[in-house]
Amino acid sequence: MKEAGTQTEGGGQALAPRRKRGFASVPALRRQQAYYGALFVVPGLIVYLIFMVYPFLDTIYLSFTNWNGVATSKDWVGLSNYARMFADGAALKAFANNVVWVILGTISPVVIGLFEALLVWSGARASLFFRVLFFLPFVLPLVVIGIVWQWIYNPLFGVVNKVLDGAGLEGVSRGWLADPHTALYAVLIAAIWGASGFCFLILHASLQNVDMSTVEASMIDGANWFQRAWSIVVPQIAPQLTMVTAVTLIGGFSVFDIIYVMTGGGPGNASEVLATYTYKTAFEQNEAGYGSALAMLITVLSLISAFVFVRVRERQR
Amino acid sequence: MVSRRAVSRREFLKLGGAGLAGAALLGTAGCGGSQGGGKVINYFTGTAETSSQERAAIEIQVDRFQKQYPKYTLKREAVPTENQRNVIQTRLQSNDPPDVFSYDTGPGFGGVLADAGLLHSLEDAYKKKGWDIYDWAKQRATYGGTVYGVPDQVEEVIVYYNKDLVPEVPKTVDDLEQLADDLKGKGKIPFAFGDQEQWPASHLFSVGVSNMLGREGLDNILYGDDRWDAPEVVKAIDLFFRSFVKDGYYPDGVNAITYDDANSLFFSGKAAMNITGTWLVSTIVESVRDFEVGFFPFPSIDGSSISPPAGVGTGLFVAKKAQDYEGAITFIDYLLQDDTARLVMEKFNTIPAHPVDTKGLKVPGLFKSVLDDLSKSTEAGAFGYNIDVLTPQNFNDIMYSGFQDVITGSRSASEQASMLQDAWAKAKKSGDVPTQG
């Protein structure tokens with residue numbers, strides 16, 4: 001049986017139009033692909049422009065006004081909202097709390113999540129049970145986590161105080177969320193538990209791609225568990241580790257829900273962070289202009305920290 | 001084997017269109033509504049305290065109204081009270097605002113909306129319908145000389161007590177402290193107080209300053225040039241948020257206990273007294289089974305007057321862009337009718353802000369006593385003020401977070417009073433304080 005394109009003449013004639021047809025179809029196909037690509041992208045892009053880009057630009061504009069959030073008039077006040085921020089004790093206190101939150105709230109869940117992922121990955125007994133246990137916080141909304149931990153800390157019926165009282169440590173038990181010295185850290189513990197589920201999930205998945213031959217080689221060379229984890233495994237999951245850390249870090253500057261649910265920023269403003277302070281300023285005190293300036297501060301801090309972290313990480317690599 | 005079929009652009013658009021139409025239909029269905037006929041009146045309000053009260057609210061505000069006015073359909077949209085503020089501001093600025101809504105009457109609430117031109121003046125409606133709201137109550141919903149709201153509830157902050165635990169009503173704070181010490185000795189919590197939400201402390205503050213300054217003294221601050229850092233104010237703050245805390249009259253960790261949890265301490269008999277508003281009467285009647293509840297006004301502090309805070313709770317307002325202004329007025333008028341008001345009193349144990357014939361009213365004894373006590377509220381001078389409904393939000397924020405700080409010892413009573421004065425001066429400067437007439 002003759003194959004198409006093998007004839008000297010007729011085949012040459014047969015090949016020519018086929019080739020021509022083939023070359024001609026490439027741009028057409030690309031145009032078609034581009035058309036369908038745009039068709040699928042445009043709805044998402046429109047939504048993004050309306051619900052993300054426009055409000056973002058509008059927030060920048062509002063941060064230069066004294067709008068109260070309700071009135072039709074918005075007077076231009078220049079940089080005065082930004083100048084006010086640096087003299088506002090409550091904003092500075094919220095910023096300081098955010099710094100604590102970003103440091104502890106980024107390092108802790110990543111370390112805990114990494115440890116949990118390594119534990120399950122290294123084939124510990126009952127790994128299915130631990131997998132479910134460590135994954136659990138990821139499926140719970142932060143608001144639910146906040147409510148549950150609020151009960152755990154409750155001074156009337158909370159488990160923490162009951163356990164402490166039962167252990168004869170009545171002097172230690174207290175209203176954990178009512179004490180200005182413990183409120184922020186008590187909320188932070190709940191948030192770290194919540195965030196560890198996400199870290200565990202990503203890092204556990206990334207561990208499935210680790211080159212086992214290098215791990216086995218290091219075992220033969222006598223490396224212990226920690227040495228294997230630190231020198232062989234962690235470098236191989238560095239991109240995922242960076243991603244997890246960056247996401248947690250950015251979330252640290254915009255944290256709102258769990259604090260709002262558990263303490264509302266109190267007692268006083270002991271657990272206030274920039275996002276809760278922004279919310280109160282913009283929506284409770286009717287100072288939408290100043291609230292917008294605070295929102296811009298959160299955005300800038302998140303962007304800077306994420307950018308710096310990623311750059312440092314890239315340099316190390 | 002699963003066969004694959006390419007979807008053509010036309011089919012894709014068809015499917016997309018069908019999907020969108022379906023979503024739109026579902027969305028419309030999800031809006032809810034009430035069966036009735038004719039013109040739709042949109043009513044936006046806060047959810048009732050309990051599910052049985054919510055059912056009663058629907059019966060009175062929707063079913064009964066539609067039966068009396070068949071040409072209207074009332075769509076009642078209820079959200080948790082704490083969310084009302086954020087929702088209403090946005091809704092009023094939209095092209096689909098509620099026609100009529102219930103909202104706080106203070107300058108930081110209704111006043112802000114009136115200033116922004118989002119409310120319909122009710123001057124004509126008052127004249128046309130002859131609504132007989134108490135003058136002092138009407139004043140609370142009057143901004144810049146124009147009346148915009150119809151106060152629908154009068155409240156008083158009192159001390160509820162468990163009659164099994166409190167044998168005699170104290171006449172002075174010294175008596176009260178003696179009683180509290182005795183109760184502590186019996187393992188009871190003297191006062192059920194929780195301030196996690198921050199606003200409950202403002203009621204205690206209202207009780208304190210109302211007694212210490214009396215109505216006139218408060219008027220001199222609110223409408224005159226007297227100051228919030230006066231020694232009487234400092235004394236009131238110190239008593240409730242330092243002295244009572246130090247003496248262990250509140251449960252431990254008061255800043256982490258919610259208002260509801262604190263009330264539960266009272267309902268369960270673990271706490272002997274509860275300083276809160278008359279809005280709690282119906283919940284007390286529903287929840288307390290094992291003992292009898294009485295109430296008394298907070299006693300004299302160092303020889304002060306006894307002027308329990310009283311005032312207007314929420315009010316009804318009509319949106320400037322209401323689709324059906326006449327319908328909104330008809331609905332308000334219906335709620336103010338004597339038989340509707342009596343029904344509301346029986347079902348919710350709340351006190352209307354207008355005279356109502358209370359003869360033959362089927363209400364619990366506790367509510368009857370409250371009603372008798374509050375009937376004095378028409379007599380100016382007998383009562384103090386519930387401060388946070390009169391003061392602007394920047395002042396309230398200092399109250400809310402500041403009292404928590406005093407409780408924890410992070411701030412002294414005099415520092416808190418100074419900060420309140422600063423916030424007041426700032427609000428006064430920007431014209432955000434209430435006016436008397």
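**Helix packing, chain contact and a buried loop residue**

Good morning. I begin with two helices of chain A: helix α4, residues 127-139, packs against helix α7, residues 183-207, at an angle of about 115°, and their axes are 7 Å apart. Because angles of 65 to 115 degrees count as roughly perpendicular, α4(A) is roughly perpendicular to α7(A). As for handedness, α4(A) passes α7(A) in a left-handed crossing. Please bear in mind throughout that this is a predicted model.

Which residues make this contact? From α4(A) they are A:Phe134, A:Phe135, A:Leu136, A:Pro137 and A:Phe138. From α7(A) they are A:Trp193, A:Gly194, A:Ser196, A:Gly197, A:Phe198, A:Phe200 and A:Leu201. By residue class, the contact of α4(A) with α7(A) comprises 9 nonpolar and 3 polar residues, with no charged ones.

Let me now step back to chain A as a whole. Its domain assignment gives domain 1, residues 1-62, and domain 2, residues 86-316. Taken over C-alpha atoms, the centres of domain 1 and domain 2 of chain A are separated by 44 Å.

I turn next to where the two chains meet. On this interface, 24 residues of chain A are in contact with 26 residues of chain B. Helix α12 of chain A, residues 274-284, supplies 3 residues, the largest share of the side of chain A that touches chain B. That side of chain A divides into 10 nonpolar, 10 polar and 4 charged residues.

Chain B itself has 16 helices and 13 strands. Of its 437 residues, 46% count as buried. Consider the contacts in chain B between residues at least 6 apart in sequence: 80% of them join residues at least 24 apart.

I close with one residue of chain B. Where is B:Ile301 placed? B:Ile301 is in the loop between β10, residues 293-296, and β11, residues 309-312, of chain B. Is B:Ile301 buried or exposed? There are 21 C-beta neighbours inside 10 Å of B:Ile301, and the cut-off for burial is 20 or more; B:Ile301 therefore counts as buried. Leaving aside neighbours within four places in sequence, B:Ile301 is in contact with B:Val173, B:Asn211, B:Met212 and B:Leu239. As a further reference point, B:Asp195 is 106 residues from B:Ile301 in sequence, and the two are 22 Å apart in space, C-alpha to C-alpha.

Thank you for your attention.

Terms used. Residues numbered from 1 in each chain as written. Chains lettered and ligands numbered in written order. Predicted model: local features only at pLDDT ≥ 70, side-chain atom pairs only at ≥ 80, totals over all residues. Domains from an automatic or database assignment. Helix = DSSP H or I, 4+ residues; strand = E, 2+ residues; numbered from the N terminus. Buried ≥ 20, exposed ≤ 12 C-beta atoms within 10 Å, placed from the backbone. Contact = placed C-beta atoms within 7 Å. Nonpolar A, V, L, I, M, F, W, Y, C, P; charged D, E, K, R; others polar. Axes fitted to C-alpha atoms, helices over the stretch in contact; angles between N-to-C directions. Parallel < 35°, antiparallel > 145°, perpendicular 65-115°, else oblique. Left-handed = near helix turned anticlockwise from the far one by under 90°.
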